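Colleague: I have a model open and some questions about it. Can you go through it with me?
Modeller: Go ahead.

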Amino acid sequence: MFSEGGSFMKGMVMGGLFCLLLSLLGSFRPGTESKTEDHHHHHHVKAPSKDELTRLSDSRVQELSNQVRVSCIIMVQPKFLVYWATALDTWSKHCDKAGFYTSESSKALEAIDLNEKDDWARLRKALTHAYENAGGVQWFFVAQATTFAIIENLKYLVLAKDPSEPFYLGNVMKSGELEYVAYDSGIVLSYEALKRLVHVFQDEDKCPERGRALWKMSEDKQLAVCLKYTGVFAENGEDAHGKGLFNSKGVNSLISESMKNNPNNVVEGCCSDMAITFNGMSPNEMQVMMFGVYRLRPYGHDFHDSLVFNPPENSDND
């Protein structure tokens, strides 16, 4: 009797493992299409150096700076109203288009009500809406309300990149064999990448709206899985010196870490001069960042920048 019970338990364990394997295979199947795509993924995308810019004619630089327009897709929730209000009042003013997408309507602030509680389904709806209402914008920046972004530095990163190529940029992380862009650091998509993504949204086998795995996968990982089927891979955004531009922590945290790890060169060890995003700051700290980035100026000092990104027309810009 004991041996029969042992066999039964072994069968239960083996059956459970087999079901787990089937579930994994069903929810994550590497697409074969990616091998035939013509866009080669380097995993590292660097902003142009000053030397590279000087080799371009003034007219070409001006043409590029006018062409780079960014649509910001900002995901908000009424329970984080103070962050929502802060993003609206600070960095989002520098987006050429800014759409706030909410899980439910709020009487306090205006946003696009997606009437969707599920985070992944809501993100899909927001991306689809932004794509269908692009209006000629070629670059898309996906952010949470807790993110602080410097849009001009984002424009500089993609200045010489072709949005008709499928770019998927940010702070690249790895989970098993899957490389994905961390949501809390902000996600950048070119028009071509977003077009492919919206198209694969229609394929429930490759990119289901409701996950079929035994556990719930985060939105940024699900996004990477869907993009992988279309031949689009995560690439790390870096400055000309190889420093990451997308940060999942605030400036205070990064400086504190650098003081501990690089006491002889705190600033150099902290973050890039051309950093694009920070996260984990309080609303008050985000307002202080706005002051430091856009308003505080040393009188008489000229940064000799090769180009200028003008604020959006008719914007209440800092």
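Colleague: Where does Asp239 lie?
Modeller: Asp239 is in the loop between β11 and α9 (251–261). Helices (H or I, at least four residues) and strands (E, at least two) are DSSP runs, numbered from the N terminus. This is a predicted model, in which local features need pLDDT of at least 70, side-chain atom pairs count only at pLDDT 80 or more, and totals for chains, interfaces and linings use all residues. Residues are numbered from 1 along each chain as its sequence is written, and side-chain values use heavy atoms, with hydrogens and water left out.

Colleague: Is Asp239 buried or exposed, and which side chain of opposite charge is nearest?
Modeller: Asp239 is buried, where buried means under 20% relative accessible area, exposed over 50% and partly exposed in between (1.4 Å probe, protein chains only). A salt bridge needs a side-chain nitrogen of Lys or Arg within 4 Å of a carboxyl oxygen of Asp or Glu. For charge, Lys and Arg count as positive and Asp and Glu as negative, while His and the chain ends are not counted.

Colleague: What does the side chain of Asp239 reach at 2.9 Å?
Modeller: The backbone nitrogen of His241. The Asp239 side chain also makes a polar contact with the side chain of Ser272, at 2.7 Å. A polar contact is a pair of N or O atoms within 3.5 Å; within protein, one must be able to donate a hydrogen and the other to accept it, and residues adjacent in sequence count only if both atoms are side-chain atoms. Neighbours within four places in sequence aside, Asp239 is in contact (heavy atoms within 4.5 Å) with Lys46, Ala47, Leu245 and Ser272.

Colleague: And strand β11, which residues are on each side?
Modeller: In β11 (residues 235–238), Glu235 and Gly237 are on one side, Asn236 and Glu238 on the other, and all are buried.

Colleague: In which sense do β1 and β11 pair, parallel or antiparallel?
Modeller: Parallel: β1 (residues 44–46) pairs with β11 over 3 bridges, and Lys46 has Glu238 as its bridge partner. Strand β7 (residues 168–170) also pairs with β11 in the parallel sense, over 2 bridges, with Gly170 opposite Asn236. Pairing requires that DSSP finds at least two bridges between the strands.

Colleague: Switching topic, how many disulfides are there?
Modeller: The structure holds 3, a disulfide being a pair of cysteine sulfur atoms within 2.5 Å. In sequence order, the bonded cysteines pair as 1-2, 3-4, 5-6.

Colleague: Why is the link of Cys72 and Cys95 left-handed?
Modeller: Because the torsion about its S-S bond is about -90°. Cys72 lies in strand β2 (residues 70–76) and Cys95 in the loop between α4 (81–89) and β3 (97–102), so the link ties together parts 23 residues apart in sequence. Both Cys72 and Cys95 are buried.

Colleague: How far apart are the sulfur atoms of Cys207 and Cys226?
Modeller: They are 2.0 Å apart, and the link is right-handed, with 90° about the S-S bond. Cys207 is in the loop between α7 (191–200) and α8 (219–229), while Cys226 is in helix α8, 19 residues apart. Cys207 has a relative accessible area of 0% and Cys226 one of 2%.

Colleague: What about Cys270 and Cys271, buried or exposed?
Modeller: Both are buried. Their sulfur atoms are 2.3 Å apart, and with 50° about the S-S bond the link is right-handed.
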